[in-house]
Amino acid sequence: MKTVVFSGTTEGRIFSKELAALGADVLVSVATPLGAEEQGSLSGITVHCGRLTPEEMADLLKGADLCVDATHPYAVDATKNIAAACKTAQIEYHRLLRAESPLPAGSMVFQSAMHAAEFLAETQGNVLLATGAKELAAFSSIDPARLFPRVLPTLDGIAACEAAHIPHKNILAMQGPFSYALNRALMEQFHIRFLVTKDGGAAGGFAEKAQAAQDMGAQLVVLRRPTEKGETAAQILARCKEALGWSH
């Protein structure tokens, strides 16, 4: 059985390895070299690296028995394109959901980065932006000296910070997920008053960020997760076992 997994996430890596262990032929598609590096090489798994158009996705899906979308919960466009490509290629589609986090009392939740930025522009104090380089432009209304973006240690990550005029001493280029101790140390070091994050669930280290913010007396600002329908890894694996002819 050939399965295409669109990944680049912790759960995508775990799922693809579990699937390969069942004897499936797994093609993992990741957008960046960093995603490929994290995926690593494993018997039964082939990795395709590079961003794809919906047409290229449909080509990649040719000959597959089913497709699993294990992209990030906030990668709305990617999910839309993968679902459309599956329809075009007439391939069975499954969305792997990441469990949501309970939000601590006192969290401020916003619909988008732009809405969060509008609120922060009226405040004072340093902001730890743990929302990724792609969201940086939304915070352009805020004095860059207040912003401490935590971005991936890639050329794209640094370039996004430079384009947003972030002082170099404020750029935190590192790869997560991060421990409670490291979150707390960064917040202490840079006198952080606001921590802006997405609800990345357990895989994205959300609880460690929330706890550090609470203990440091900082305001937790959460970008609302897009609502979507999907299945757990166990449900999709059960479907794969069925397709592979495994008895339950």
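This is a predicted model: local features need pLDDT of at least 70, side-chain atom pairs count only at pLDDT 80 or more; totals for chains, interfaces and linings use all residues.
The phi angle of His 191 is near 50°, a positive value in a residue other than glycine. Most residues other than glycine have a negative phi. His 191 has a relative accessible area of 60% and is exposed, because the cut-off for that class is over 50%.

## The sheet and helix H7

S10 belongs to an open sheet of 6 strands with parallel pairing, ordered S6-S11-S10-S7-S8-S9. The edges are strand S6 (108-110) and strand S9 (172-173), each of which pairs on one side only. Helix H7, residues 180-189, packs on this sheet and touches S7, strand S8 (147-151), S9 and S10. The direction of H7 makes about 140° with that of S10.

Within the sheet, strand S10 (residues 192-198) pairs with strand S7 (residues 126-130) in the parallel sense, over 5 bridges. Thr 197 in S10 is the bridge partner of Ala 130.

## The loops on either side of S9

Which residue lies in the loop between helix H6 (155-163) and S9? That residue is His 165. His 165 is not a glycine, yet has a positive phi of about 60°. With 63% relative accessibility, His 165 counts as exposed.

The loop between S9 and H7 contains Pro 177. The peptide bond that runs from Gly 176 to Pro 177 is cis, and its omega is near 0°. Most peptide bonds are trans.

Technical notes. Residues are numbered from 1 along each chain as its sequence is written. Side-chain values use heavy atoms; hydrogens and water are left out. Two strands pair if DSSP finds at least two bridges between them. Helices (H or I, at least four residues) and strands (E, at least two) are DSSP runs, numbered from the N terminus. Contact means heavy atoms within 4.5 Å. Axes are lines fitted to C-alpha atoms, for helices over the stretch in contact, and angles run from 0 to 180 degrees between N-to-C directions. Buried means under 20% relative accessible area, exposed over 50%, partly exposed in between (1.4 Å probe, protein chains only).
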